[in-house]
Amino acid sequence: MKIIRLGVALALALTLAACQKAASPGNVDARRLTAAAGNAEWLSYGKDYNEQRFSPLDKVNATTVERLGLAWYAQFDTDRGQEATPLEVDGVIYTTTAWSKVFAFDAVRGKLLWSYDPGVKGTKGFDACCDVVNRGVAVWKGRVYVGTLDGRLVGLDAKTGKVAWSVQTTDPAKPYTITGAPRVIKDKVLIGNGGAEYGVRGYITAYDAATGKQAWRFYMTPNPEGKPDGAASDKVMAEKGYATWSDGEWKKTGGGGTPWDAIAYDPVLDMVYIGGGNGSPWNHMRRSGGKGDNLFLSSIVALRPDTGDYVWHYQTTPGESWDYTATQQIMLADLTIAGQPRKVLMQAPKNGFFYVIDRATGQLISAKPYVSNLTWASGVDMKTGRPIENPAARYQKAMVLQVPGPLGAHNWQPMAFNPKTGLVYIPTNVTPFAYTDDKGFSYKAGAWNVGVDFLANSLPSDAAQLKALTALVKGSLVAWDPVNQKQVWSVEHPYFWNAGVLTTAGGLVFQGSAEGELAAYDSASGKKVWSYKTGNGVIAAPMTYEIRGEQYVAVMVGTGGGGQISAPASMPTRSRLPGRLLVFKLGGTAKAAAFPTPPEPPPIDLAGVTSAGDVQHGFALFHQNCQVCHGPNASGAWLPDLKRSPMLMTADNWKGVVIDGASAPRGMASFKRFFTDQDAEDVRAYVLSEAQKAASAQVAPAAPIG
Ligand code: CA
């Protein structure tokens with residue numbers, strides 16, 4: 001009798017648990033985000049609060065991986081960059097695409113359960129320095145949270161995708177953007193913002209997960225008007241912040257420091273760690289008269305999640321002047337260093353040094369370059385914790401060709417830490433950039449405001465020089481020993497701007513590449529053990545989950561982002577293809593349809609087409625205003641290839657787009673705020689001259705992706 005009763009009780013409990021699960025999908029809480037119970041799933045952007053992107057799943061391993069095949073896939077309605085890491089919670093995949101759209105799929109069968117389109121206006125694309133991307137959602141207690149490109153934070157019902165609440169987290173009149181994934185800590189949804197290239201003041205905000213009511217806000221720079229904000233940052237700005245800023249354009253821009261990506265949390269220490277972005281404008285001389293460290297630009301800041309109160313900070317790049325953000329992923333781990341167990345955080349920010357920091361105190365433990373050819377600094381002084389800068393690096397007197405450039409030695413593409421090998425796997429880039437003081441710089445509301453003269457980054461006309469410059473651009477996967485601060489192995493990729501990383505207890509490291517290969521490497525040796533041709537460039541990080549004994553590996557496919565937009569000549573693809581979610585399992589036999597060959601833009605005959613515009617003036621205007629999206633010397637072909645645009649044919653058509661905003665819905669906003677009609681015609685004259693040059697040279701197209 002007793003046994004039967006127990007059996008009934010157990011069955012009842014199980015039924016109840018199943019009912020609860022079915023009734024409230026996406027019921028993630030702190031226990032699941034920190035306990036081993038969640039290990040078969042992927043519950044937050046970086047898997048859990050540690051952001052290690054390590055999964056203990058091992059059914060897919062060095063022996064079985066050869067049987068890894070496609071289980072199912074989905075294709076999306078956008079061909080812009082796909083940067084999201086999908087989440088898998090209670091059998092459902094939640095992911096986002098470009099333009100901040102959210103999708104929920106049955107994780108086993110791939111059936112679309114619901115989707116949500118926040119309706120971001122195409123014109124908002126103008127404010128996104130680095131494509132209209134989104135890196136993913138947070139799931140918490142039956143809700144799915146997404147930050148939208150136009151600055152909203154939206155809470156959705158995890159079961160239906162219906163909007164529960166929506167708040168505007170930014171001033172819509174300013175060029176703020178959101179591309180990062182929210183994180184939920186102690187029933188508060190945390191979200192930062194971007195926009196420092198255009199002129200904004202960065203901050204992170206916490207909202208009540210149930211209601212959307214603001215709990216606290218922490219500004220990354222002092223208030224330019226010198227008054228308190230009524231924010232969590234007021235006290236530390238008064239004590240430490242203001243003293244590190246001097247007179248300069250930051251009083252108009254807000255100084256930047258936008259925390260657009262990293263958020264990590266240690267529940268035992270009860271500290272949340274956020275990463276600060278670059279200065280606005282970049283140029284320290286123009287921003288702050290060349291004086292002061294400018295807190296909290298390029299800094300890792302520890303805060304209390306209940307209040308947003310400051311605990312400690314470490315600034316990776318004092319007096320930032322190169323777009324060297326420290327908003328790259330912050331990863332928490334427990335390491336044994338010099339025989340002592342240490343609670344550390346690790347970061348590989350854009351500036352090229354790998355930092356290991358005591359996460360309780362903010363004390364620097366070690367910092368070494370994770371790429372071999374940094375030129376801006378020779379090391380980090382362990383006494384002061386400051387970089388030892390190359391005296392020419394600040395380009396005060398002359399242009400400096402420097403590594404890394406604004407794309408960073410490592411950017412947003414997530415790295416991963418495998419506790420079994422003790423290695424961090426970092427997707428690295430080498431991209432040089434010619435930093436030149438923009439002596440005539442003055443802030444223009446809403447424009448590209450970096451205080452750096454982009455003319456110096458026009459392409460050399462000499463073919464040998466161009467070849468030498470292009471040869472400097474490199475991308476690799478680096479396996480890094482964070483205890484001894486040294487490289488253990490590396491894989492050189494044919495191109496730069498490759499994908500984020502996943503590592504597993506199966507002894508594997510997964511990474512996609514610019515040319516569209518998803519590969520698995522042996523985590524100890526770097527030997528490639530499996531690969532799959534996706535047909536499109538990959539920049540997002542893969543993730544993995546297990547359901548009913550089967551392990552799946554999923555990845556968002558679709559190139560884009562800052563590297564693809566701003567350095568298209570160094571990338572393998574010239575055409576945009578629709579984004580996809582690919583999901584693999586052992587023995588998977590699904591076949592993805594081949595991408596249709598994108599139609600070549602019809603040839604345009606520019607012979608005899610003329611412009612009364614001033615080519616030289618157009619050259620200058622182009623490189624200050626258009627280069628970032630259309631490539632140096634109009635070399636960009638990923639966003640529409642201007643050299644093949646029928647708009648070039650007549651001054652009226654050109655003006656229709658550039659001044660009257662005919663292509664605004666697709667992201668090409670009117671430049672009426674910045675250009676006169678004559679300016680627009682001068683730019684046309686310049687692009688026309690480049691197009692006619694290219695037509696006569698019959699430049700071969702870049703190799704197709706495969
Ligand atoms: Ca930036």
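Mentor: Let me begin with β35 and β36, which form a hairpin with five residues between them, and in the turn Gly526 has a positive phi of about 85°. Please keep in mind throughout that this is a predicted model.

Trainee: How many bridges join β35 to β36?
Mentor: Five bridges join them, and the two strands, β35 with residues 517-522 and β36 with residues 528-533, run antiparallel.

Trainee: And which residue in β36 is the bridge partner of Ala520?
Mentor: The partner of Ala520 is Trp530.

Trainee: New topic: which residues of helix α3 are buried?
Mentor: In α3, which covers residues 234-241, the buried residues are Val236, Met237 and Gly241. They lie on the same side of α3, because the arc they cover around the axis is only 105°.

Trainee: Which exposed residues are on the face turned away from that buried side of α3?
Mentor: That face carries Lys235, Ala238 and Glu239, which are exposed.

Trainee: What covers the buried residues of α3?
Mentor: The cover includes the strands β14 (214-219) and β20 (310-315).

Trainee: How does the lining of the largest cavity divide by class?
Mentor: There are eight nonpolar and four polar residues in that lining, with one charged residue besides.

Trainee: How much space lies in the second largest pocket, then?
Mentor: About 650 Å³ of space lies in the second largest pocket. Its lining is made up of 33 residues, and those nearest its centre are Asp171, Ala173, Lys174, Pro175 and Tyr176.

Trainee: Which element gives the largest share of the lining of the second largest pocket?
Mentor: Helix α4, residues 250-253, gives the largest share, which amounts to three residues. By class, the lining of the second largest pocket has 13 charged, 12 nonpolar and eight polar residues.

Trainee: Which residues other than glycine have a positive phi here?
Mentor: Among them is Asp131, whose phi is about 90°, and which is placed in the loop between β6 (112-116) and β7 (138-140). Ser298 is another, with phi near 50°, and its place is in the loop between α5 and β19 (299-303).

Trainee: Is Asp131 buried or exposed?
Mentor: Asp131 counts as buried, because its relative accessibility is 2%. Ser298 is buried as well, with a relative accessible area of 0%.

Trainee: What about Asp157, where does that one lie?
Mentor: Asp157 lies in strand β9, residues 152-157, and since its relative accessibility is 30%, Asp157 counts as partly exposed.

Trainee: What is Asp157 in contact with, beyond its neighbours within four places in sequence?
Mentor: With those neighbours left aside, Asp157 is in contact with Trp114, Gly142 and Lys162. Asp157 and Arg143 are also 4.8 Å apart in space, C-alpha to C-alpha, while 14 residues separate them in sequence.

Trainee: Last one, Thr64: where is its place?
Mentor: Thr64 is in the loop between β1 (54-55) and β2 (68-75). Thr64 counts as buried because its relative accessibility is 18%, and the cut-off for buried is under 20%. Leaving aside neighbours within four places in sequence, Thr64 is in contact with Lys59 and Leu586.

How values were computed. Residues numbered from 1 in each chain as written. Predicted model: local features only at pLDDT ≥ 70, side-chain atom pairs only at ≥ 80, totals over all residues. Heavy atoms only, no water. 1 Å grid on protein atoms, 1.4 Å probe; cavity = no way out; pocket = protein on both sides within 12 Å on 5 of 7 lines; lining within 4 Å. Points joined across faces, edges and corners; volume = space filled by probe spheres on them. Helix = DSSP H or I, 4+ residues; strand = E, 2+ residues; numbered from the N terminus. Nonpolar A, V, L, I, M, F, W, Y, C, P; charged D, E, K, R; others polar. Buried < 20%, exposed > 50% of the residue type's maximum accessible area, 1.4 Å probe, protein only. Arc of directions from axis to C-beta. Contact = heavy atoms within 4.5 Å. Pairing = 2+ DSSP bridges.
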